[in-house]
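I opened this notebook to keep track of what I looked up, entry by entry. The notes follow the order in which I went through the model.

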Amino acid sequence: MGQSPTTLPSGRHRRLRALAAAVLTGALLWAAGPAADAATAPEPRPAASAGARTAAAAPGDDWLHTRGNQIVDAQGNEVWLTGANWFGFNATERVFHGLWSANITEITRSMAQRGINIVRVPISTQLLLEWKEGRASVPSAVNAYANPEIAGKTTLEVFDHWLALCKQYGIKVMLDVHSAEADNAGHFYPVWWKGTITTEQFYTAWEWVTARYRGDDTLVAMDIKNEPHGGAGESPRAKWDGSTDQDNFKHACETAGKRILAINPHLLILCEGIQIYPKNGSNWSSTSAADYHSTWWGGNLRGVRDHPVDLGAGNDQVVYSPHDYGPLVAPQPWFTGDWNRTTLERDVWDPNWLYLHKENTAPLLIGEWGGFMDGGPNQKWMTALRDLISEERLHHTFWCLNPNSGDTGGLLLNDWKTWDEEKYALLKPALWQHGGKFVSLDHQVPLGGTGSTTGLSLADVYGGGGGDPDDTTPPAAPSGLTATATGSASVTLRWAPSTDDVGVTGYDVYRDGAKVTTAPVTATTYTDTGLTPSTRYTYAVRARDAAGNVSVPSAALAVTTAPSGGGDPVGGLKVLHRTTDGSPTDNAIRPELRIANTGTAPVDLSTVTARYYFTRDGGAPTVSAWCDYAAVGCAQMRLRVVPLSSPVAGADAYLEVGFAGGTLAAGRDTGDIQLRMSKADWSAFDERDDHSRAPSSAYTEARSVPAYTGTALAWGAPPA
């Protein structure tokens, strides 16, 4: 984890005191073990050779890759990585913390049983190089009495043993180079080289560990470097740009990523952010903090918009991985005043990293988040981020399992056995669950291991031979099938969830007796598109379970599409608009809209568009548009900028705002839609005479932003 530079000394001292106390406690517990320990402990084993492994793993089928903002398996099924961090291999002990008192098997099994499907393991470049050179040592921080299965094993053999446990319990693993040197405070150093550890050794260490575990799909992801950081004027510090400079973390992530993928092209490559990024008009030569956007260490991914990580043929393995913390780690400026989830999303998460998910650019995995349950501001922040993670299905690894993290505490209490039930209850909704059970990232092994009563495998969820062969009972037929919106070319359906003795995994939708869904629908709503106006269609839905059993069809529903151009024949639309942008002559236009259904029937949003008219005011003619926030989700937004063939007063182009799908109920609006436009050369606009610019900072009816259902004008008017 990392602390804000504004409070770094106190954060550092708390963390080091906690770690020192924990190590001392571990030593005392080890020393207090039965006298027979010394007599019964196995003889220490020699260090393993660089290429040796206790067992060769067969090539697996659990490798992952990306598709838009999703991570998917080899069959294209969406997966959700929901895990935790367990540190120690990065520290001076060179092994998981807690093994001085608790059992490695029990800890691992309990994580799996409680829904941790991936573990992020911090490690040091120094330790990887020691392993590479055959210099693995037997750690003193392992209590042989508590851990007879790893007594006398070297640090490398302990790691191999633990990987085998993860395979047994259906857990996947991510390695994270947390620091250059094996040091409990090594994460405070801002870059990936230090002392005798060079940048080339950093790359070499990654190549070695990739080659060693190339055939083992238990290890599925590599987090290139933990929390690269550094403020304005600090040296060394991490930057993000298009250069090949040593301190450019984008270049380091690309170099390491390409060298890893050359050995194993199936691994996910995680690239964290940095700390600062230059504001428009500034550059990396400035030493003034005012010239930079600053956030948590590892949390600033603003540079990806202009300088995305490029792994060539391996671009479908890139995952961006920000870190985020609460006010107990550092009293950041965004935790002052009346802050809440909306302000955090708008002011911190959206501009620094969440835009990558909302714009469907790449997946996000929040590599570190977590903290103390204070019943106050820290818990308020943690709940807000948990809700975002759950609603958007963001991948994440909670910080952390260890109770000896001084600024956050852990999921385990100080005995390293008992779980903090209050904190776990907060985390649990953000763990992948299906039908009341936790989902593994393994196709064969349920989370918790063979015979688990709390976990499922991917095959249990998606089929493919992993279901229960004794399950021959089909789900109940779906009920309550209704059309919530009917357009001229689309129908939106909704139904009540089915029940099953094991669990429903999805639904098939039929139109006029033919299945129209290519894969089972996991939600209980579906929009059928490409239909003919004024045409009657008959729909039915069938439910599926993990064993492949299919229910009988639901009761049939007859629906007639609207006439051509229709979408809400008994209703209407209204657009509300405001501007909170006080700079009408800068290089961005930032309209904020809400679209309301003023009719008496639901509206199919896929038929709805609104047009925001503006002038480009010289400079580059090409204008790009982005969704910074939408209550319906930026992934649902469809934006395009259309130049007018003949300019009119107040406009030579318009931004068309549309939706991928969904339903807007009568009397409801879409909630906030926050948009942004800029020209290709970032030259300035002059919005003061724009046709659609809002007159105030409060939402008001905006007839200057016309709205359409299909091609029919439903609200306002375009400029004459």
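**Entry 1: helix 9 and its neighbours**

I began with what lies around helix 9: its buried residues pack against helix 8 (341-358), strand 12 (365-366), strand 13 (395-398) and helix 10 (421-427). I note here that the model is a predicted one.

Which residues of helix 9 are buried? I listed Asn 378, Gln 379, Trp 381, Met 382, Ala 384, Leu 385, Arg 386, Leu 388 and Ile 389.

I then checked the length of helix 9, which covers residues 377-392 and has 16 residues. From first C-alpha to last it reaches 23 Å, close to the 22 Å expected at 1.5 Å a residue. Directly after helix 9 comes Arg 393, with a positive phi near 55 degrees.

**Entry 2: helix 8 against helix 9**

I stayed with helix 9 and looked at its packing with helix 8. The angle between the two is about 45 degrees, and their axes are 12 Å apart. Helix 8 is therefore oblique to helix 9, and I recorded their crossing as right-handed.

From helix 8, the contact is made by Arg 341, Leu 344, Glu 345, Trp 349, Trp 353, Leu 354 and His 357. Helix 9 brings Trp 381, Ala 384, Leu 385, Asp 387, Leu 388, Glu 391 and Glu 392 to the contact. Sorted by class, the contact of helix 8 with helix 9 has eight nonpolar, one polar and five charged residues.

**Entry 3: helix 4 against helix 6**

Next I took helix 4 (residues 125-132) and helix 6 (residues 199-212). They pack at an angle of about 55 degrees, and 9 Å separates their axes. With that angle, helix 4 is oblique to helix 6. Helix 4 passes helix 6 in a left-handed crossing.

Which residues make the contact? On helix 4 I found Thr 125, Leu 128, Leu 129, Trp 131 and Lys 132. On helix 6 they are Gln 201, Phe 202, Thr 204, Ala 205, Trp 208 and Val 209. I counted the classes in the contact of helix 4 with helix 6 as seven nonpolar, three polar and one charged.

**Entry 4: helix 3 against helix 5**

I looked up one further helix pair. Helix 3 (residues 104-113) packs with helix 5 (residues 155-169) at about 35 degrees, their axes 10 Å apart. The crossing of helix 3 past helix 5 is right-handed.

Helix 3 takes part through Ile 104, Thr 105, Thr 108, Arg 109 and Ala 112. Helix 5 takes part through Val 158, His 161, Trp 162, Leu 165, Cys 166 and Tyr 169. By class, the contact of helix 3 with helix 5 divides into seven nonpolar residues, three polar and one charged.

**Entry 5: cis peptide bonds**

I turned to the backbone. Where did I find cis peptide bonds? One runs from Ser 235 to Pro 236, with omega near -5 degrees. Pro 236 sits in the loop between strand 7 (219-223) and helix 7 (249-261). Another joins Trp 399 and Cys 400, where omega is about 0 degrees. Cys 400 belongs to the loop between strand 13 and helix 10.

**Entry 6: positive phi**

In the loop between strand 13 and helix 10 I also found Trp 416. Its phi is near 60 degrees, a positive value in a residue other than glycine. Is Trp 416 buried or exposed? Trp 416 counts as buried, because its relative accessibility is 4%, and the cut-off for buried is under 20%.

Ser 534 also has a positive phi, near 55 degrees. I placed Ser 534 in the loop between strand 21 (525-528) and strand 22 (536-545). Its relative accessible area is 49%, so I wrote Ser 534 down as partly exposed.

**Entry 7: Thr 473**

I looked at one more loop residue. Thr 473 lies between helix 11 (458-462) and strand 17 (479-486), and is partly exposed at 41% relative accessible area. What does Thr 473 touch, leaving out residues up to four places away in sequence? I found Asp 500, Asp 501, Asp 545 and Asn 549. Between Thr 473 and Ser 551 there are 9.0 Å in space, C-alpha to C-alpha, although they are 78 residues apart in sequence.

**Entry 8: the whole chain**

I closed with totals. The chain has 11 helices and 35 strands. Of its 720 residues, 57% count as buried. Among contacts with a separation of 6 or more, 73% are between residues 24 or more positions apart.

How values were computed:
Residues are numbered from 1 along each chain as its sequence is written. This is a predicted model: local features need pLDDT of at least 70, side-chain atom pairs count only at pLDDT 80 or more; totals for chains, interfaces and linings use all residues. Side-chain values use heavy atoms; hydrogens and water are left out. Helices (H or I, at least four residues) and strands (E, at least two) are DSSP runs, numbered from the N terminus. The expected span of a helix is 1.5 Å times one less than its number of residues. Buried means under 20% relative accessible area, exposed over 50%, partly exposed in between (1.4 Å probe, protein chains only). Contact means heavy atoms within 4.5 Å. Axes are lines fitted to C-alpha atoms, for helices over the stretch in contact, and angles run from 0 to 180 degrees between N-to-C directions. Angles under 35 degrees count as roughly parallel, over 145 as roughly antiparallel, 65 to 115 as roughly perpendicular and the rest as oblique. A crossing is left-handed if the near helix is turned anticlockwise from the far one by less than a right angle, and right-handed if clockwise. Ala, Val, Leu, Ile, Met, Phe, Trp, Tyr, Cys and Pro count as nonpolar, Asp, Glu, Lys and Arg as charged, and the others, Gly among them, as polar.
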